[in-house]
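Subject: Structure handover

Hello,

Please find the structure below. My notes on it follow.

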Amino acid sequence: MSITWTQVLIAGVWGGLLALERRAWLQAMFSRPLVAATAMGMLMGDVTSGLYVGMVLELYHLGSATLGAALSENDTLVATGTSAAAAAMTQTSGGGATEAIAAVCILMFVWLGRVGRYLDRRLEPYSSRLARKALASAELGQLDRAVRQNLWGMWPHFILYGTLTAACGVLGAAAGPVWRDQVPLTLVRGLAWAFPAMASVAAAIAARGSHARNAPLFAGVSAGVVTLLAILFQMRRGM
């Protein structure tokens, strides 16, 4: 089974809309990882994969916050990108949603949070310039021009984050056949065991009350250790 370009487009549009909802429009918490990822899975026909990804990433980013000039990791981008990849990978692999697919996609795309934070910083000066122009236009009574400045400020976020989300869906679709045909069963089982380990690390980070500086390292090491132990256990059973 393959995904269609319509599904890729839908993933990109949803990712772009949530990028706006997170910073500039509505701000009704739809951009939270649990909601964003679950809805992405639903739109791509695989709500289970979206829910798996959303649960872990919601816990992982629960303690993060953007305060003043201190920008947190972009939890929305990592949620939409990872869930799009997981849903696409599930469909092209020919099987159902599994914890193993969710785990490998999280490990593959968890870095998107930091990429999103970098892009937010790069876009901030552009948005600030347009905000000043909009304010000046409003003070002169040029309300239509002020609204246009606001819209121009939204488009880069929509296009950039939407494109990245769609690209994750394409990469996930390409990884599906490789996952089905070339990944050993012992590794798949190991990654399935890694999923609850990652969730436990994410829950510990959430309970701490702040976003741990080395959280990606903690999550990756714990998932890697559990995966290795599960593989060794499976190999021992097969001997």
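A residue is called buried under 20% relative accessible area, exposed over 50% and partly exposed in between, with a 1.4 Å probe and protein chains only. This is a predicted model, in which local features need pLDDT of at least 70 and side-chain atom pairs count only at pLDDT 80 or more, while totals for chains, interfaces and linings use all residues. Residues are numbered from 1 along each chain as its sequence is written, and side-chain values use heavy atoms, with hydrogens and water left out.

Overall fold

The protein has nine helices and zero strands; helices (H or I, at least four residues) and strands (E, at least two) are DSSP runs numbered from the N terminus. Of its 239 residues, 46% are buried. A contact means heavy atoms within 4.5 Å. Among contacts between residues at least 6 apart in sequence, 78% join residues at least 24 apart. The protein exposes about 12,200 Å², and carbon and sulfur atoms supply 67% of that area (Shrake-Rupley method, 1.4 Å probe; for residues, only the protein chains shown count as cover).

Salt bridges

A salt bridge is a side-chain nitrogen of Lys or Arg within 4 Å of a carboxyl oxygen of Asp or Glu. The count by this rule is six. One of them joins Asp120 and Arg22, at 3.3 Å from N to O. Asp120 belongs to helix H6 (residues 112-139) and Arg22 to helix H1, so this pair ties together parts that are 98 residues apart in sequence. Both Asp120 and Arg22 are buried.

Arg114 forms a salt bridge with Glu73, where the closest N and O atoms are 3.1 Å apart. This pair also links distant parts of the chain, 41 residues apart: Arg114 is in helix H6 and Glu73 in the loop between H3 and H4. Arg114 counts as partly exposed because its relative accessibility is 40%, whereas Glu73, at 3%, counts as buried.

Asp181 and Arg180 meet in a salt bridge of 3.0 Å, N to O. Asp181 is exposed, at 53% relative accessible area, and Arg180 is partly exposed, at 44%. Salt bridges with shared partners join Arg22, Arg32, Glu58, Asp75 and Asp120 into one network.

Inside the protein

Ala84 is in helix H4 and counts as buried because its relative accessibility is 0%. Not counting residues up to four places away in sequence, Ala84 touches Ala11, Met40, Met44, Thr165 and Gly169. The C-alpha atoms of Ala84 and Val8 are separated by 8.4 Å, although the two are 76 residues apart along the chain.

Nonpolar surface patch

Phe30, Leu34, Val35, Leu51 and Met55 form a nonpolar patch on the surface, with about 390 Å² of accessible area together. Patches are made of residues with over 30% relative accessible area and no salt bridge; like charges are joined within 9 Å and nonpolar side chains (Val, Leu, Ile, Met, Phe, Trp, Tyr) within 5 Å. Helix H2 (33-43) and helix H3 (47-60) are the elements that give two or more residues to the patch. Phe30 lies in the loop between helix H1 (5-23) and H2, and Phe30 is partly exposed because its relative accessible area is 40%.

Regards
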